[in-house]
Amino acid sequence: MSTAGTDAYTGEAGLPGGVARAVAAARRAGFPYSCRPEQGRLLQVLAGGARLRIGESGTGYGVGLAWLAAGARPGTELIGVERDPGRAAAAAALFADAPHVRVLTADWTELYVHGPYDLLVLDGGGQGKGGPAADPEELLTPGGVLVVDDFTPADSWPPLFDGRPDEARLHWLQHPALRAVDLPLAADLSSVVAVRRHPE
Ligand SMILES: C[S@@+](CC[C@H](N)C(=O)[O-])C[C@H]1O[C@@H](n2cnc3c(N)ncnc32)[C@H](O)[C@@H]1O
């Protein structure tokens, strides 16, 4: 988890309005773990390709969800899931005037109830980092895109984490239902971006 996510917005100009409001809410609450601007811009771009539905686990104060909403086409539904009630309420308040954006107070597994998704962002639960990994065949439409945030760029194979093979990253990069890349977004940040393969 990036500890400098919220602080990374200091001095960032030209943010979408919803993103600026979400960052302000995270700052007021002293929440440091918002997604970084580099990740947010990736989400904004990818959201434009989603047709019907976008999902996010671990919505926090809504910074990533606001980037997604800023990039999504009109008519796309967005669902964020956050297990902390205070964070979920703050994020929901940001989107009170946007009925196509819903924030649910729940464990990330609630995403199974509302899917499948054209774009799924795993940022709090389901990443396979110390807990169960989301099932892309259940949660993604064929051709749907998965983003798993918050890795460190690797220059070795297999990628290492704390000197050992990074099992969470390998899970996604080698998943038989996905084509995946580890995409560096900054010197200290990468995301796995994957597409669910179409059935043979
Ligand atoms: C890295 S922060 C999320 C940042 C947020 N996505 C953003 O873009 O600003 C991770 C969030 O995931 C939430 N979380 C952790 N485990 C979860 C779970 N099992 N189900 C739902 N939310 C979870 C935490 O409460 C925390 O708010």
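Analyst: **Backbone geometry and its setting**

D162 is exposed, because 5 other C-beta atoms lie within 10 Å of its own. A residue is termed exposed with 12 or fewer such neighbours, buried with 20 or more, and partly exposed in between, the C-beta atoms being placed from the backbone. The model is predicted: local features need pLDDT of at least 70, side-chain atom pairs count only at pLDDT 80 or more, and totals for chains, interfaces and linings use all residues. Residues are numbered from 1 along each chain as its sequence is written.

D162 lies in the loop between strand 6 and strand 7 (164-165). Helices (H or I, at least four residues) and strands (E, at least two) are DSSP runs, numbered from the N terminus. The phi of D162 is positive, near 55°, although this residue is not a glycine. Most residues other than glycine have a negative phi, and most peptide bonds are trans.

D150 also has a positive phi, of about 75°, and is likewise no glycine. D150, however, belongs to strand 5. D150 is buried, because 20 other C-beta atoms lie within 10 Å.

Two peptide bonds also call for attention. The bond from G115 to P116 is cis, with omega near 0°. P116 sits in the loop between helix 5 (111-114) and strand 4 (117-122). The bond joining W157 and P158 is cis as well, its omega being about 0°. P158 sits in the loop between strand 5 (140-151) and strand 6 (160-161).

Seven strands form an open sheet of mixed pairing, in the order 3-2-1-4-5-9-8. Strand 3 (101-105) and strand 8 (178-186) are the edges; each has a single partner strand, so one side of each lacks a neighbour in the sheet. Two strands count as paired if DSSP finds at least two bridges between them. Strand 8 and strand 9 (residues 189-196) run antiparallel and are joined by eight bridges. Within this pair, L183 has S191 of strand 9 as its bridge partner.

Helix 4 (residues 85-94) lies across strand 2 and strand 3, at about 165° to strand 3. Such angles run from 0 to 180 degrees between N-to-C directions, with axes fitted to C-alpha atoms, for helices over the stretch in contact.

Helix 2 (residues 37-47) and helix 3 (residues 63-71) pack at about 35°, their axes 7 Å apart. G40, L43, Q44, V45 and A47 of helix 2 meet V63, G64, W67, L68, A70 and G71 of helix 3; contact here means C-beta atoms, placed from the backbone, within 7 Å. Helix 3 is mostly covered, with eight of its nine residues buried.

Helix 3 also takes part in the ligand shell: this helix and strand 2 (77-82) each supply at least two residues. Of the 20 residues around the ligand, G58, G60, G64, G124 and G125 come nearest, where a residue is near if its C-beta atom, placed from the backbone, lies within 6 Å. The shell has six nonpolar, eight polar and six charged residues. Ala, Val, Leu, Ile, Met, Phe, Trp, Tyr, Cys and Pro count as nonpolar, Asp, Glu, Lys and Arg as charged, and the others, Gly among them, as polar.

Methods
Two residues are in contact if their C-beta atoms, placed from the backbone, lie within 7 Å.
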